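The structure under discussion is shown below.

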Amino acid sequence: MTSLTTTDPEFGPARIAAIAAAIACVAVVGIGLSLSIPLLSLEMERMGLSNTWIGINTAVAGVASIVVLPFVPRVAAQLGVMPLLLGAIAVAALALVGFRAVYDFAWWFPLRFVFSAALGVLFVLSEFWINQAAPPARRGLVMGVYATVLALGFAIGPGLLRVLGTTGWAPYLAGAALFCAGALPLVMARGLSPEIPHKGGRGFLGYLRVAPSATLAALIYGAVETGGFAILPIYGLRLGLNAEQAAGLVSLAALGNVLFQIPVGLLADKVDKRRLLLAAASLGAAGAAALPLGADDPRLLAVILFVWGGIAGTLYTVGLAHLGARFDGAALAGANAAFLVLYNIGLVLGPPLVGGGMDLASPHGFAWSLALLFVAYLAVVGGRMIRAAP
């Protein structure tokens, strides 16, 4: 099997093909999640199910990721990265079509688990591959491109639903077709996929202990992204905005998330990544705390949300680049799995924490709870840097 080496050109054809393959995988993840979550929720509502049952079924996705992801590096070491990636794409495509073919809520629990586990496999191995393929001196830039494509993938799913509608076979078949298209760059780069050694990894808590700045960035980003985006429209309503304006607040934050990734990735190649994470946490806390300043000025609120959304998103990009600089081989694959497990834990914790904050002090408890999440991370990174100082 051909593989990249340290002597390959910084952005030669082989490296570009490997990076493109890894990015195609994460595009599949973004499209799969952003298409399936609203589509299945609407389908379950049409079935007459309560919001509680819809929430429980959706939560199975997070459970699947937390249960399955720690085992992905070990399975990939046995089967190979490329076969597991192609298999995961096939399983995800079949499971997505299966939701329509087996239109029975009871069966949607195992289907959701299998579908989410397959996307989780793609997520872990694409992060491992992109970190392995990225030239060390340009890792931040490559991670910025990777995170931008992920964010764009999240925008494609809802766009498809607007075009194709949310009934019938069309959205399911279109999603499955896009999954299969995502396999083409993998096939073209099949001789460039990395190998995961059978030994060299460590346990989940080991990564958390050795690299808390990088791994906990995923936890905070997951909590802030899901909690912030889920409760933000309600915050807008509490400020007196109409429903369309309140929903538009999410788009502003998401746009900042897309546009900040590559510039901050470039910066990560030039400065200490832990210092950049410290700065992102500080600015994220300040931006969240500043949201009440825009309560009576929608234009100021829009500017704050755009900048804050961009800064919050950089935790993921820089944290991932920091992992790539710290680990290699089996340890890197295990670190990526731990990174995504923590991200999924953040997805579970974020909405109740942020929503609870707003219930305690409406409406600005929303902003203060987000700020406290950043402050907690800031304390971890700052403490880590102080202990490491000579």
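## Second largest cavity

By class, three nonpolar, two polar and three charged residues make up the lining of the second largest cavity; Ala, Val, Leu, Ile, Met, Phe, Trp, Tyr, Cys and Pro count as nonpolar, Asp, Glu, Lys and Arg as charged, and the others, Gly among them, as polar. The lining consists of Val210, Ala211, Pro212, Ser213, Arg274, His322, Arg326 and Arg384. At least two of the lining residues are supplied by each of helix 9 and helix 12. The volume of the second largest cavity is about 30 Å³.

On a 1 Å grid over the protein atoms alone, a cavity is a set of points where a 1.4 Å probe fits but cannot get out, a pocket is an open set with protein on both sides within 12 Å along at least five of seven lines, and lining residues have an atom within 4 Å of a point. Grid points are joined across faces, edges and corners, and a volume is the space filled by probe spheres set on the points.

## Basis of the model

The model is predicted: local features need pLDDT of at least 70 and side-chain atom pairs count only at pLDDT 80 or more, whereas totals for chains, interfaces and linings use all residues. Residues are numbered from 1 along each chain as its sequence is written, and side-chain values use heavy atoms, with hydrogens and water left out.

## Largest cavity

The structure holds two cavities of 30 Å³ or more, and the largest has a volume of about 60 Å³. Tyr221, Val224, Glu225, Phe229, Ala253, Asn257, Trp308, Gly309, Ala312 and Gly313 line the largest cavity. Helix 9, helix 10 and helix 12 are the elements that give two or more residues to this lining. Its classes are six nonpolar, three polar and one charged.

## Largest pocket

The largest pocket has a volume of about 1800 Å³. Of the 48 residues that line the largest pocket, Ile37, Phe154, Glu225, Thr226 and Phe229 lie nearest its centre. Two or more lining residues come from each of helix 1 (13–46), helix 2 (51–68), helix 5, helix 6, helix 9 (212–238), helix 10 (243–268), helix 12 (298–326) and helix 13. Helix 6 gives the largest share, eight residues. The lining of the largest pocket has 32 nonpolar, 13 polar and three charged residues.

Helices (H or I, at least four residues) and strands (E, at least two) are DSSP runs, numbered from the N terminus.

## Helix 5 with helix 6

The axes of helix 5 (residues 105–133) and helix 6 (residues 139–164) come within 10 Å and cross at roughly 150°. Axes are lines fitted to C-alpha atoms, for helices over the stretch in contact, and angles run from 0 to 180 degrees between N-to-C directions. Helix 5 and helix 6 are therefore roughly antiparallel (angles under 35 degrees count as roughly parallel, over 145 as roughly antiparallel, 65 to 115 as roughly perpendicular and the rest as oblique).

Phe123, Ser126, Glu127, Ile130 and Asn131 in helix 5 are in contact (heavy atoms within 4.5 Å) with Arg139, Val142, Met143, Tyr146 and Leu150 in helix 6. This contact has six nonpolar, two polar and two charged residues.

## Helix 5 with helix 13

The axes of helix 5 and helix 13 (residues 329–360) come within 9 Å and cross at roughly 135°; the two helices are therefore oblique to each other. From helix 5, Phe123, Val124, Glu127, Phe128, Asn131 and Gln132 meet Gly329, Leu332, Ala333, Asn336, Ala337, Phe339 and Leu340 of helix 13. Eight nonpolar, four polar and one charged residue form the contact of helix 5 with helix 13.
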